[in-house]
Amino acid sequence: MERRNVLRLLGSAAVISAFPPDALALFQQAHAQAAQSPGLKAFNPHQDATVIAISEAIIPATDTPGAKAAKVNEFIDLLMGEWYEPADSARFLDGLDDVDKRSRRLFSKDFVDCTVAQQEQLLRALDGEAMTFAKQQSAALLAKKPAPPANFFYTMKKLTLAGYYTSEIGFEKELGKSIIPPSHAGCAPLTAEVNQ
Amino acid sequence: MKGQSFDAIVIGSGITGGWAAKELTEKGLETLVLEAGPLISAADYVEHVPVWEVKFRGMRDRKAELENQPIQRHIGDEWNAKFFVNDRENPYTTPPDQPYLFLRGRHLGGRSVMWGRQSYRWSDLDFEANLKEGIGVDWPIRYKDIEPWYDYVEDFIGVTGQAEGLPQLPDGKFLPPMEMNCAELVMKDAIAKKFPDRRLTIGRTAILTQAHRGRAACHYCGPCARGCITRSYFSSLNSTLPAAEATGKLTLRPYSVVHSLIFDPKTRRISGVRIIDGQSKQPIEFTARIVFLCASTLESARILLNSATPEFSNGLANSSGELGHNLMDHIMGGGATGIIPGHEDRVQIGNRPNGIYVPRFRNIKEKSPGFLRGYGFQGGGSREDWGRGSEMPGFGADFKHTLRQPGPWRFRFAGFGECLSNRDNRLEIDKGKVDAWGIPTLRISHKWRANELALLKDMQVTAAEMLEAAGAKDIVLSSTPSAPGEGIHEMGSARMGRDPKTSVLNAYNQTHDIKNLFVTDGSCMASSACQNPSLTYMALTARACDYAVGQMKRGEL
């Protein structure tokens, strides 16, 4: 029963204490610059391109359009600019920069300039770390202990899914859903739903 | 400023105010309905607005809510946040160790626009409990007194459900039941086999499963709390207020924030109602022969407390001293969830706006150790969706195609436990703090006591037992208590009773002290039972209107 009717995509924003003040200042500076780029609220063009590349790697175009076509980057940019606390946004941008640092260490170039195979290699490592974080977070929740510090790729993946499946493309083309269902039934064969 | 005079004034246009308006106008009374907030209409409904047209895609406008709705952000969603009040305009205080969530709307239709719609009858198990156990005061009515009014209300609002023949949860006049989904059918069978004293039934809810009294059947879009263009669920806005309007006897005044009632010491009657116009902030007085107070449990008590006079120095109609005391709400937060293996080739189609119900099974035939009364479970089965993806390893085409398919079936039980009447759970006026209209606000003191907390602990055990019986995996228990108020079933602040010394209202919701004053919202409740209470409020309101108009016709009022 959906008594609350709350779409809990993310839960509450992670609280970050003791975030380095200089990183926060850098973020605010970057934020001011980004505000001058038309259409972007938090990302600079390079960060935007990196987010597009990672989101499309998570949800690529297949027989239906992917994250890039669904403009998942714009959704994440909006959240970083207007939804998250500045410290949380700064941490996310820091994580994004770290992707390039790791990419340059491994392949001597930025993530967006890597080959598909190189990108996948790096993302597999990041995904492994995100899954470790996910397990720690669940365990902390069950034990009613504070959550571990946010993991960049866990957040990136979560926001990519949220942005994609709540887009018109994700909702209608990928999931085949409609706002007003054509029919209703309690316990029907799966194929009926997929083809609705 | 003097306003017009009416036969009746109804304060509030929510679930009980709407009923009072319908009943009084249909019985011929020129009736003024005072609504504190603005008018809203079907044009304000947002149930079909797609998620991609909502700014934060359903994640709520977090910063705006922290600024203006730090309390209301615990309820509703990004679509219907506009139906909940601005907390800065509507403040209240609590003792530091007793946080309370007062979740509410102020607009035409009140919370009936966003309510949960679950509609259950009470039984004599509930009406007799206080007397048998010596808790609070005895209800002045029994099931036979309210039964015809349950019939009457259900026939008008339309309630879907399945008759079960259980003495603790009397059957109503039901529209055809909604279908259970696959996980719920599995659970129903498992409970029937293993727990003969328990029953799983489909939720009884004020939603139409077939066209009824000029309103269309539900189309299963899902988010009722955002409104309903087809008027398929019951609200004042969809149903009772249009009926009242059709009589030609209704005057509806929005932006009318009631300040206090005016008591005439010569006649010992209420002569009128003093409002502050919500927009101009000017005071205006309206007069009437009778007044129905339907402003909600907390607001009705606040109005009466703010209407103190030399004769009633601690609150109007409060010779008993019980006004504002005995506040109750249902305790939530106890239950369990688990994965029901199998049935992966089957799904639920559409967004059924209803769940399942397990009626109370504790302290029915056998005495349960450790606590009085009991609880019911709501909840249901559903398949996991794309949200599971962030906990799943992988990315890319295969990952995407896995998430295209629904995940495993999950089943959830969420308990609603009875709250015992306790004099120390109370409302007072905080004279030092006024709202945006200059009206003194409430100080709310409510905490869970040992019996409620014992129910909560038992909920997780019995929920887990049933999940195990159905073969569930990964069972997770929960027993974190909700904040008082969070159940949004607040009641009891002006209780009914047999003795004017210990209760505010008589068996017809009429104040013992002032004949032409009736209070029919949740404040009248002498106990809380564990069922969702709105159906009972509606039945009591219709019954009180019938009594009041009868008394007027006989010249006794």
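The model is predicted, and local features need pLDDT of at least 70, side-chain atom pairs count only at pLDDT 80 or more, while totals for chains, interfaces and linings use all residues. Residues are numbered from 1 along each chain as its sequence is written, and chains are lettered from A and ligands numbered from 1 in the order in which they are written.

**Contact between chains A and B**
- Chain A places 46 residues in contact with 47 residues of chain B, where contact requires C-beta atoms, placed from the backbone, to lie within 7 Å.
- Helix 6 of chain A gives the largest share of the side that touches chain B, with 6 residues; helices (H or I, at least four residues) and strands (E, at least two) are DSSP runs, numbered from the N terminus.
- Strand 1 of chain A pairs with strand 11 (residues 346–349) of chain B in the antiparallel sense over 3 bridges, pairing being assigned if DSSP finds at least two bridges between two strands.
- A:Pro189 has B:Arg346 as its bridge partner in strand 11 of chain B.

**Helix 4 of chain A**
- This helix (residues 86–107) has 22 residues and reaches 31 Å from its first C-alpha to its last, close to the 32 Å expected at 1.5 Å a residue, the expected span being 1.5 Å times one less than the number of residues.
- A:Ser108, with a positive phi near 60°, follows helix 4 of chain A.

**Domains of chain B**
- The centres of domain 1 and domain 2 of chain B, taken over C-alpha atoms, are separated by 32 Å, with bounds from an automatic or database domain assignment.
- Their contact takes 7 residues from domain 1 of chain B and 14 residues from domain 2 of chain B.

Technical notes: Two residues are in contact if their C-beta atoms, placed from the backbone, lie within 7 Å.
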